[in-house]
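Have a look at the model first, then try each task before reading its solution.

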Amino acid sequence: MSQELIEFTVSGSPRVLSSAIEQYAIGHGSLHVIVVPWESDEVTLSMAVTSANIDGWAIEHIDLGTIRLTGLENEMTRVAFAAREPDHADRKKFAALFDGFARQIQTKLQSAS
């Protein structure tokens with residue numbers, strides 16, 4: 001199940017913004033954000049947001065949602081976060097993690113514009 005969570009427009013191309021988002025996620029430890037090439041095209045980049053739980057040798061990736069970066073005219077980009085309710089016992093924790101990350105990215109990108 002997926003739903004729109006946050007949507008806004010900022011200056012910059014989808015490629016530049018996707019790199020900034022990936023770099024920001026690195027500082028969040030268990031959050032991973034990567035471009036999904038097979039779900040992207042010339043105008044829109046799709047990014048997967050996951051959380052990794054590591055227990056010894058086992059690594060569990062939990063799909064938290066997606067980010068869609070759609071290029072507009074004048075080097076503007078529409079950014080849309082869509083949360084996905086994970087099939088996990090800690091669903092509320094993961095929903096809050098995704099929501100907090102989305103709002104931090106919105107603040108960061110809008111202040112840079």
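**Exercise 1. Work out the handedness of the crossing of α1 and α2, and then how the two helices lie.**

Solution. The crossing of α1 and α2 is right-handed, meaning that the near helix is turned clockwise from the far one by less than a right angle. Next, the axes (lines fitted to C-alpha atoms over the stretch in contact) make angles that run from 0 to 180 degrees between N-to-C directions. Here the axes come within 11 Å and cross at roughly 125 degrees. Angles under 35 degrees count as roughly parallel, over 145 as roughly antiparallel, 65 to 115 as roughly perpendicular and the rest as oblique, so α1 and α2 are oblique to each other. Finally, contact (heavy atoms within 4.5 Å) involves Leu 17, Ile 21, Tyr 24 and Ala 25 on the α1 side, and Phe 101, Gln 104, Ile 105, Lys 108 and Leu 109 on the α2 side.

A word on the source: this is a predicted model, where local features need pLDDT of at least 70, side-chain atom pairs count only at pLDDT 80 or more, and totals for chains, interfaces and linings use all residues. Residues are numbered from 1 along each chain as its sequence is written, and side-chain values use heavy atoms, with hydrogens and water left out.

**Exercise 2. Is Ser 18 buried or exposed?**

Solution. Start with its place: Ser 18 sits in helix α1, residues 14–26. Its relative accessible area is 5%, and buried means under 20%, exposed over 50% (1.4 Å probe, protein chains only), so Ser 18 is buried. Beyond neighbours within four places in sequence, Ser 18 touches Val 35, Leu 45, Met 47 and Leu 69.

Key
Helices (H or I, at least four residues) and strands (E, at least two) are DSSP runs, numbered from the N terminus.
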